[in-house]
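Biologist: Thanks for joining me! Could we go through the charged pairs together, one question at a time?

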Amino acid sequence: MKHNNIFKAALAVAALAATTSAARADLTISGAVGLPLNPTAQIPERGGPRAQVNFSDLGSGRGITGGGDLNIGGIYAATRAGNRLEINGGLERLNGDQFLNPLDETNIAIGAKYLLTRQTEGAGQALGGTRVAVGAGYSRALLRNTYGYVVASKDFGRLSPAGRPNGVAHLGLRYDDFNASGLLPGRDAGKASVYGGVEVPLDARGRFTAVGELQSKNNSFGTSEFPYSASVRYRTPRGFSGSLGVLREGITGNAGPFAQIGKTF
């Protein structure tokens, strides 16, 4: 299938990324620091840009005449500019099978996020308070998705058993606008959504973390369903991390597996 080539390329880039230095946050499928689907009120550490390879099977489109399957993959990076600004972006490829072939596109994703509140450095530390950020982005390959958001993140000791690093909870509001060029049934109009997520450490050293998120519908296509993701992330003290799980972006209405692997330099 078409996505095999993307997956092989992703593994090759990931192998290079793994050979070089400390990531404290992973990137979304569009490149911003955050959960697999949605940005959080976290930004890269000073002097620690993050590079990451993503591959996501977006599932087959329910109710699409002629069938079809979408997947997206790419390489992304995020870095910190000054005290509170994050710049992110990447090069990505959307592949559609059968009826969705016309959606095939290789193009860029870009975005920026501004942290409205101070972020204390250091993974596993009690950051205290609630961090709030605003941001916007554009993914041309992902159906020309233009989006904006405001999100809050907070550490919670109650999310983790005694002796483990704090868990983190996130709550956000975003607006998405897609353009499927008339190939998906329904309307292309923009739509606001609410999302929330948690990161729960599974061991005392914080190497394994359960990550989950849930979002209200983010588009008006007739194939849409509410987005979600569930995954397990593994992180080393040297900044390498990888995630495996399942997600539903919401465009096709079906879920599929995803993988992320990356490095903070």
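**Salt bridges in the predicted model**

Modeller: Gladly. This is a predicted model, and the count comes to 11 salt bridges.

Biologist: Which residue forms a salt bridge with Lys113?

Modeller: Side chains of opposite charge can pair when their charged atoms come close. For Lys113, the closest N and O atoms of the pair are 3.2 Å apart, within the 4 Å cut-off. The partner is Glu86.

Biologist: How many residues apart in sequence are the parts that Lys113 and Glu86 tie together?

Modeller: Lys113 belongs to strand S4 (residues 105-115). Glu86 sits in strand S3 (residues 85-96), so the pair ties together parts whose separation in sequence is 27 residues.

Biologist: Is Glu86 buried or exposed?

Modeller: Buried means under 20% relative accessible area. Glu86 has a value of 0%, so Glu86 counts as buried.

Biologist: Where does Asp104, the partner of Arg93, lie?

Modeller: Arg93 and Asp104 form a salt bridge with their closest N and O atoms 3.8 Å apart. The pair links distant parts of the chain, 11 residues apart. Arg93 is in strand S3, while Asp104 is in the loop between S3 and S4.

Biologist: What is the relative accessibility of Asp104?

Modeller: Arg93 counts as partly exposed, at 27% relative accessibility. Asp104 is also partly exposed, and its value is 22%.

Biologist: And how far apart are the closest N and O atoms of Asp176 and Arg174?

Modeller: Both Asp176 and Arg174 are buried. They form a salt bridge, and the distance between their closest N and O atoms is 2.7 Å.

Terms used: Residues are numbered from 1 along each chain as its sequence is written. This is a predicted model: local features need pLDDT of at least 70, side-chain atom pairs count only at pLDDT 80 or more; totals for chains, interfaces and linings use all residues. Side-chain values use heavy atoms; hydrogens and water are left out. A salt bridge is a side-chain nitrogen of Lys or Arg within 4 Å of a carboxyl oxygen of Asp or Glu. Helices (H or I, at least four residues) and strands (E, at least two) are DSSP runs, numbered from the N terminus. Buried means under 20% relative accessible area, exposed over 50%, partly exposed in between (1.4 Å probe, protein chains only).
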